[in-house]
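Let's walk through a structure together, one question at a time. Have a look at it first, then read on.

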Amino acid sequence: MKTKAHMVQFSSVVGLVALAVAGQAHAQEQVVKIGHSGPLSGPNAFAGKDNENGVRLAIEELNAKKISVGGKTLKFVLASEDDQCDAKTGVSVAQKFVDDGVKYVMGPYCSGVAIPASRIYSDGGVLLSTVGTNPKVTQGGYKNLYRIIASDNQIGGAMAVYAAKVLKVKKVGVIDDRTAFGQGLAEEFTKEAKTQGLTIVGQEFTTDKAVDFTAILTNMKAKAPEAIFFGGYAPQAAPMARQMKQLAVPGKLLGGDTVCSPATGKLGGDAVNDLVFCAQGGSILEKAESGPAFKAKFKQRFNVDADAYAASYYDQVLFIGQSMQKANSIDPDKVGAELYKTTYKGVAATYAYDDKGNMKQAPITVFTFKNAAPVPLASY
């Protein structure tokens with residue numbers, strides 16, 4: 001007959017064994033934090049949430065694969081912070097990630113944040129993957145910094161070529177929002193437009209907080225441009241398109257990747273249809289081999305359509321996971337060495353980086369809007 005003392009002793013042993021097994025399982029697991037820095041509040045929150053969801057989906061898939069490195073199963077954990085597309089906030093987020101020992105960060109979304117924050121990340125030994133498109137983002141000489149889409153000189157240049165060769169325009173106006181991104185994009189468009197023989201009939205400036213463009217559009221209208229290129233974001237492009245129609249400003253509204261967002265259609269309604277043309281890094285997802293499957297998977301998981309860069313963020317996180325396996329290490333320098341020398345076929349592109357961290361071949365797709373939604377026209 002078992003006494004009460006025996007029962008207590010037995011349950012204690014069982015408890016100790018369970019703890020030992022749990023401890024052993026825990027010891028065989030290695031947590032890897034993946035940081036995300038982007039605008040989770042404010043007018044560009046739609047983009048920040050989309051990017052975050054791209055990272056989250058990839059993390060869930062990596063965890064399901066149970067990748068083993070150095071005899072330990074990797075457990076990926078998402079740490080996401082709101083940088084508000086603000087340089088000061090973004091630098092604080094970077095310092096927080098460094099202080100918390102986060103060695104892999106996806107973002108920032110805005111070039112004006114990526115440029116100052118990249119130094120903090122570099123000093124902290126962080127591997128950074130950004131969609132900041134301003135050429136200066138990768139000109140700081142930092143290693144383990146990757147631009148996972150086309151840069152402004154590729155996107156702005158592509159839109160200028162499209163304006164000249166396909167839209168057949170001769171006279172263009174240029175407006176930018178004075179952000180590092182918008183200004184840089186407008187400069188690259190202007191440079192290539194001149195090379196293509198286009199005449200710049202006027203240049204105007206606004207801010208990334210403005211919603212009334214009546215004055216600058218009235219100035220532009222007097223110069224009769226056949227197209228206006230806008231260097232800036234969707235929350236400004238949409239009302240600008242509406243006001244172009246109201247003021248009967250001639251020509252198309254051209255923009256870069258941030259204008260290609262569904263948010264432009266949601267905010268601009270029918271005004272954007274057949275008026276707005278934009279270039280975005282990446283190939284046409286519908287025509288990409290694994291594009292439709294990714295879009296369906298994303299919609300099922302988050303109950304919302306993937307926006308501009310969800311697929312790019314998703315691809316890069318999976319590329320990083322694969323590189324950890326190949327390097328048999330989670331050390332950013334060893335993983336970075338794999339990223340520099342390896343080619344990875346993702347959903348949005350095939351990723352191969354030069355020594356500055358730019359994509360060697362970054363596909364670009366030109367879109368217009370139909371029924372207030374972006375529709376791809378051609379990839380280059």
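**Rings, a helix and a loop**

Q: Is Phe294 buried or exposed, in this predicted model?
A: A residue counts as buried when its relative accessible area is under 20%. Phe294 has a relative accessible area of 1%, so Phe294 is buried.

Q: How many aromatic pairs does the structure hold?
A: Rings pair if their centres lie within 6.5 Å. On that basis, the number of aromatic pairs in the structure is 11.

Q: Which helices do Phe294 and Tyr314 lie in?
A: The pair ties together parts that are 20 residues apart in sequence. Tyr314, at 5% relative accessibility, counts as buried. Phe294 lies in helix 10 (residues 291–302), and Tyr314 lies in helix 11 (residues 310–327).

Q: What is the angle between the ring planes of Phe319 and Tyr344?
A: These two rings form an aromatic pair, 5.0 Å centre to centre. The pair is stacked, and the angle between the planes of Phe319 and Tyr344 is 10°.

Q: Which parts of the chain does the pair of Phe319 and Tyr344 link?
A: Phe319 counts as buried at 0% relative accessibility, and Tyr344 is buried with a relative accessible area of 12%. The two residues are 25 apart, and the parts they link are helix 11 and strand 12 (residues 344–345).

Q: Where does Thr342 lie, and which backbone oxygen does its side chain reach?
A: Thr342 lies in the loop between helix 12 (332–341) and strand 12. At 9% relative accessibility, Thr342 counts as buried. Leaving aside residues up to four places away in sequence, Thr342 touches Phe319, Gln322, Lys326, Tyr351 and Ala352. At 2.5 Å, its side chain reaches the backbone oxygen of Glu338.

Q: Why is helix 8 described as largely enclosed by the rest of the structure?
A: Buried residues of helix 8 include Ala234, Pro235 and Met240. Helix 8 is largely enclosed because the buried residues number 10 of the 13.

Q: How far apart are the end C-alpha atoms of helix 8 (residues 234–246)?
A: At 1.5 Å a residue, the 13 residues of helix 8 should span 18 Å. The model agrees with this, as the end C-alpha atoms are apart by 18 Å.

Methods:
Residues numbered from 1 in each chain as written. Predicted model: local features only at pLDDT ≥ 70, side-chain atom pairs only at ≥ 80, totals over all residues. Heavy atoms only, no water. Helix = DSSP H or I, 4+ residues; strand = E, 2+ residues; numbered from the N terminus. Expected span 1.5 Å × (residues − 1). Buried < 20%, exposed > 50% of the residue type's maximum accessible area, 1.4 Å probe, protein only. Phe/Tyr/Trp six-rings, centres within 6.5 Å; stacked < 30°, edge-to-face > 60°. Polar contact = N/O pair within 3.5 Å; in protein donor to acceptor, adjacent residues only side chain to side chain. Contact = heavy atoms within 4.5 Å.
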